[in-house]
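Hi,

Here is the structure I promised to pass on. Have a look at it first, and then read my notes below.

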Amino acid sequence: MSKSMFQKLAEDYAKFKRYVKWLYLLYELNTQIAICEPWEKVFLNVLLGSCVSLIVYASIAFVPGYCATVFHLLWPLTSMQNLTSACNSNIEGFCGNESGAVIT
């Protein structure tokens with residue numbers, strides 16, 4: 001007797017739900033949130049989630065620009081033109097329309 005596709009999907013979904021519940025239990029036990037009251041759990045989860053989201057946002061928004069600036073400071077492109085720059089006149093290293101971060 002072979003199982004239908006829907007029965008297999010239902011079993012896989014049930015396994016996935018059990019796995020997610022198990023991961024959440026591990027998270028609660030490792031962070032000691034399991035001993036808190038429900039309102040404390042909500043507060044700590046929101047606090048942790050907001051900290052993680054701020055770190056992810058900052059790493060996506062700012063780190064690539066800083067890495068590129070450090071890369072250009074360590075290995076300046078003296079013999080090659082910067083093809084990504086829209087500036088034609090480069091006076092003392094400044095174009096006048098930079099909008100990125102500059103290390104001072």
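A quick definition before the details: a helix here is a DSSP run of H or I that covers at least four residues, and helices are numbered from the N terminus. Please keep in mind that this is a predicted model.

With that in hand, the salt bridges. Searching the whole structure turns up 2 salt bridges. One of them joins K8 to D12, with 3.6 Å between the closest N and O atoms. Both K8 and D12 sit in helix α1, 4 residues apart, which is about one turn of the helix. K8 is partly exposed at 46% relative accessibility, and D12 is partly exposed too, at 34%.

E28 and K41 also form a salt bridge, and here the closest N and O atoms are 3.4 Å apart. This pair ties together distant parts of the chain: E28 belongs to helix α1 and K41 to helix α2 (residues 38–61), 13 residues apart. K41, at 21%, is partly exposed.

Now the rings. There are 4 aromatic pairs. Among them is Y24 with Y27: the ring centres are 5.7 Å apart and the planes meet at 40°, so the pair is tilted. Y24 and Y27 are 3 residues apart in helix α1 (residues 5–30), about one turn of the helix. Y24 is partly exposed at 39%, as is Y27 at 23%.

Last, the cysteines. The count of disulfides is 0. C36 is partly exposed at 23% relative accessibility, and C67 is partly exposed at 47%.

Cheers

Key:
Residues are numbered from 1 along each chain as its sequence is written. This is a predicted model: local features need pLDDT of at least 70, side-chain atom pairs count only at pLDDT 80 or more; totals for chains, interfaces and linings use all residues. Side-chain values use heavy atoms; hydrogens and water are left out. Rings of Phe, Tyr and Trp (its six-membered ring) pair if their centres lie within 6.5 Å; planes under 30 degrees apart count as stacked, over 60 as edge-to-face and the rest as tilted. Helices (H or I, at least four residues) and strands (E, at least two) are DSSP runs, numbered from the N terminus. Buried means under 20% relative accessible area, exposed over 50%, partly exposed in between (1.4 Å probe, protein chains only). A disulfide is a pair of cysteine sulfur atoms within 2.5 Å. A salt bridge is a side-chain nitrogen of Lys or Arg within 4 Å of a carboxyl oxygen of Asp or Glu.
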